[in-house]
Amino acid sequence: MPAMSWGKGGAATAGSAAPSAGPGDGKEACGAGGRAVPARPRGWPRPGSAWPASCASGAGGGGTGSAAGSGSQAATTGAAPGAGAGGSCGGASSDSGKPFRPGAAPFGPAGAVPAAGASPSAANNAANAPSAPAALAPEGQEGGVGSAAMAGIMGVGLEGSRSLPSKSGARARPAPPGPRTLPHGAATRQKLPAARQSLPPGPGTAAHPARRQAGMAVATALPHPGRGIAAQAPGPLQGTPRMSLFGSMTTAISGMNAQARALGHISDNVANSQTIGFKRTDTSFANLLTQSNERTHAPSAVVATPSATVSLQGSVETVENPLSLALSGNGLFSVAQAAGRNADGSLTFDTQPLFTRAGDFRKDSSGYLVNGSGYALQGWAANAAGEAQQGVLAPVRISDAPLPATATRTVTLNASLPKGAAAPIQSQVQIYNAAGEQQTVNLTWTRTADNAWNVAGTTAEGAALGEANLAFDANTGALTNNPPQAVLGAGDAALTLNLANLAQGPVAAYEQRSVTVDGSRAGAFRSASIRDNGDVVVSYDNGQSRTVAKVPVVTFTNPDALQRMDGQAFGMTAEAGTMQVQAAGTQGAGTLSSSAVERSNVDIAAEFSKLVVAQRAYTANTRVVTTSDEMLNETINMRR
C-alpha cells in the first residue's frame, strides 16, 4: 500500500520500520509546517473520487510515527497497524509552532471506517459526534504514542483538516463549521506523559493489546473531539453575568468621585471652622446596586451625599457686643434679606423667610440689627408700654432719636403713717411737667379720726392740686380705699397717687421708704441691648429705657432638612415641616444668651481624621483603576 506522510520529513511507510527522508515514491509530504493531510500516493484518484480499498480497510502497516509542524518529530517506538480500525489514513498535525488539538476524525469514530469507494466528506458527515477522542503529545515532545500511531490505535483521525487528498505541499481544506475548540491546557499536557509512561514497551499494538487499552484510557481523559474544553458540562454559574473589568473600573471611579465630594465637604468645614453660626456638613455614602443575588454580584457604584447638622449645637462664647445673641437648644433666629431702599432711604426686604443661628447682630446705619452676613433680625414689635405684639414678624429697628419729655401722671408711694398722730404731716415728691422740667409737690397728711386720714397736694408756689380721704382697717392697718389710690386734681393736670403700699401702723412718725414717678425730661439715645428674654431695650441718657421689640425663636420639626443658603442662612422646605414662632424658652424652644455668640460646630481634629480617611480611600480607588487598566491591556495584548 502506498505510504502516507505527516508534515515535513518522515512518513509512516507500509511494511517499513524507518521514516523516509522526504517525499518519495509511494508517499506525499505536506507543506512545511502546514496542517496534516493524508498523503496521496501516485495515481490516487483526485478529490471526490473513491478511497483506495487498502486505506479504507485499514490494511496498511504503521511506520515509526509522525512529524508534526515544521519538521518537529514525535515518534513512537513502534508501528501501529490499522487492523481494520481506520489504518493510518486518519490523524492530523498542527500549524507550525502551535500545539496539537483534539478534533473530529475524518473517518468518524473508532471502527467506523468508510467503505471502499466512499468519499471522505460523506464519511465525515456520517459521524458528527465521535465517541472516542484522540490524544496527542505536545509539539516537539518525543516518546509515548505518536499522533499517527494514536490515531491508528483509537481508530479515529485528529482535528485540523478533512484529510482530503491534495497535491504535495498544499494546505488542507479547513474543517466544517462547528463548535470551536480550545488548545490543550496545562492539565491535558500533564496527563499524557504519565499515561505514556504506564504503557508497556513493545514493537506495536498487535503484539501488545495492553498498549491499545492504555491509549484508549488516555484518550477518554481528554475533551470530546470536535468540541474541546468549551463543550464541557456547564458549571453552576454558567450563563450568569460576570464582573467585568470595565465594571470594576467604573465602580472605582465612582468611589473616587465620592471621596472627592467628601474631601470637598471636609475642606468647606475646615475653612469655616471660625465662622459664627456655621453648621458643618458631614458625608453619607450610599451604595447604588445594579444586580445582586445569592449566586452573582455585579459591579455597583457609590455616591456621596451631604448630611446637614443644623440641629447640632455649637459652643457658646461670650462677647462684648450687647446686641449679640446665642441660641442654646432647638430653634433658629428669623432674619430677612435686604432687597433695596425706598426714596426716604429706608430699606425694603425680601419676603422670603430665612433663618440662621449666626447671632452676631449689630446696628447698621439705618438702625436695623444685622449680622455679619447682612441678614436683618426679625421680631415682634412692642407698644408704648413695652408689651410685644405677637403675630407679625418684622425687622427690628432701633431709632437713635432722643426721647421726648413727658409729664408725670402717677406717683407710687411706699410709706407708713403713725396710728396716733395728732398734727398734720408734711412730705414732698418730685415730678415732671409737660416740658420735662422737674417740679416739687407738697403733700399734707391730716388724721381726721381713728383710722381716717386726708391727703392734700399743692405746688411749690402754693397752688392747690386737690385732696382725697383715706380709710384704714383697724386691725391690719391696710388701706381700704378701692382702688387704693388718691387722685389730686382733674383732667390732664390730675395727679394720681398709687397708695397700694401705704399703711397705718404703730410708728412714731411718717416713714417714706421709696417714691417712683413716671414722666421724664428729654433724653438722648445712649445704647441698645437685648435681654435674655428676647426684649430689645433702648437706653437714654436721662436714665430712662424702653422696650422696642421682642426676639422670638423659630422651631421646625426637622431642621436638618432646611435648605442651606449663603451667609449661614437656611430656607424653608417641605421636608423641614411647618415653622413655629414662640417666645424663647417656651414650648420646646431654645433659650437666649445675650452678649454671646454660637461658634461653628466644626471640630478640627475630627475633620483632619476624616481627611486622612478620605485620602486613603481615594488612593485605594485609584489603585483599582490602575489595576483594571493593566488587566485590560493584558487582555488586548492576547491577540498579539
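This is a predicted model: local features need pLDDT of at least 70, side-chain atom pairs count only at pLDDT 80 or more; totals for chains, interfaces and linings use all residues.
Residues are numbered from 1 along each chain as its sequence is written, and side-chain values use heavy atoms, with hydrogens and water left out.

Q: Which helix gives the most to the nonpolar patch on the surface?
A: The patch is formed by Leu-263, Ile-604, Phe-608 and Leu-611, which together have about 310 Å² of accessible area. Accessible areas come from the Shrake-Rupley method with a 1.4 Å probe, and for residues only the protein chains shown count as cover. With three residues, the main contributor is helix 7 (residues 604-636).

Q: Is Leu-611 buried, partly exposed or exposed?
A: Leu-611 is placed in helix 7; helices (H or I, at least four residues) and strands (E, at least two) are DSSP runs numbered from the N terminus. Buried means under 20% relative accessible area and exposed over 50%, with partly exposed in between (1.4 Å probe, protein chains only). Because its relative accessibility is 31%, Leu-611 counts as partly exposed.

Q: Why is the pair of Phe-349 and Tyr-368 classed as it is?
A: Rings of Phe, Tyr and Trp (its six-membered ring) pair if their centres lie within 6.5 Å; planes under 30 degrees apart count as stacked, over 60 as edge-to-face and the rest as tilted. The ring centres of Phe-349 and Tyr-368 are 5.1 Å apart and their planes stand at 75°, so the pair is edge-to-face.

Q: How many residues apart in sequence are the parts tied together by Phe-355 and Phe-556?
A: These two rings form an edge-to-face aromatic pair, with 5.0 Å centre to centre and 75° between the planes. Phe-355 is buried at a relative accessible area of 0%, and Phe-556 is buried at 6%. Phe-355 lies in strand 12 (residues 354-356) and Phe-556 in the loop between strand 28 (553-555) and strand 29 (563-564), so the parts tied together are separated by 201 residues.

Q: What is the omega of the peptide bond from Asn-482 to Pro-483?
A: Pro-483 is found in the loop between strand 21 (464-471) and strand 22 (485-488). The peptide bond that joins Asn-482 to Pro-483 is cis, with omega near -5°.

Note on methods. Patches are made of residues with over 30% relative accessible area and no salt bridge: like charges are joined within 9 Å, nonpolar side chains (Val, Leu, Ile, Met, Phe, Trp, Tyr) within 5 Å. A salt bridge is a side-chain nitrogen of Lys or Arg within 4 Å of a carboxyl oxygen of Asp or Glu.
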